[in-house]
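User: Please take a close look at one helix in this structure. I would like to know how it sits against its surroundings.

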Amino acid sequence: MTHITGIGGIFFRATKPDVLTEWYRRHLGIDMAAPPWQQQAGPTVFAAFKADTDYFPRDHQYMLNLRVDGIAELIADLERAGIEVETRAEWDGEYGIFARIHDPEGNPIELWQRPAEST
């Protein structure tokens, strides 16, 4: 029997932690300066990929996936802020709608709107 109830935190190095903290707050609504972040319950995919995967950039060991709602509005907000957003029709389907961005330090972030929430 497992005693794990969820992910308790995500920790990563940053060359400019204050800049990154403000970027995540301003553009994604995640306030890293005032933990813990209280989030909505929902599914979390925890998966290891092969070292040569092309699902996310090869020069990064991980990709953060964030559950969102109103993905079209979020994409528009990000683009208005000058953040490049990548979308591909082949990413969308049975599992929902996806988009990709990178934070100021180049860390890949996948935005995921689940099918039940898709509009």
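Analyst: In this predicted model, the buried residues of H1 are Leu-20, Thr-21, Trp-23, Tyr-24, His-27 and Leu-28. Viewed down the axis of H1, they fall within an arc of 160 degrees, so they line one face of the helix. The spacing has a simple basis. An α-helix has 3.6 residues a turn, so residues three or four places apart point the same way. The other side of H1 carries Asp-18 and Arg-26, which are exposed.

What covers the buried residues? The cover includes the strands E1, E2 and E3, along with helix H2. H1 covers residues 17-28 and lies across E1, E2 and E3. Its direction makes about 25 degrees with E3. Helix H2, residues 71-80, also packs on the sheet. H2 touches E2 and E3, and runs at about 20 degrees to E2.

Now the sheet itself. Its 3 strands form an open sheet with mixed pairing, in the order E1-E3-E2. E1 (64-67) and E2 (97-102) stand at the edges with a single partner strand each, so one side of each lacks a neighbour in the sheet. Neighbouring strands are turned by 25 degrees against each other on average, direction ignored. E2 and E3 (residues 108-113) run antiparallel, joined by 6 bridges. Phe-98 stands opposite Trp-112 in E3.

Back to H1 and its length. At 1.5 Å a residue, its 12 residues should span 16 Å. The end C-alpha atoms of H1 are 16 Å apart, which agrees. Just after H1, Gly-29 takes a positive phi of about 75 degrees.

Notes:
Residues numbered from 1 in each chain as written. Predicted model: local features only at pLDDT ≥ 70, side-chain atom pairs only at ≥ 80, totals over all residues. Heavy atoms only, no water. Pairing = 2+ DSSP bridges. Helix = DSSP H or I, 4+ residues; strand = E, 2+ residues; numbered from the N terminus. Axes fitted to C-alpha atoms, helices over the stretch in contact; angles between N-to-C directions. Contact = heavy atoms within 4.5 Å. Expected span 1.5 Å × (residues − 1). Buried < 20%, exposed > 50% of the residue type's maximum accessible area, 1.4 Å probe, protein only. Arc of directions from axis to C-beta.
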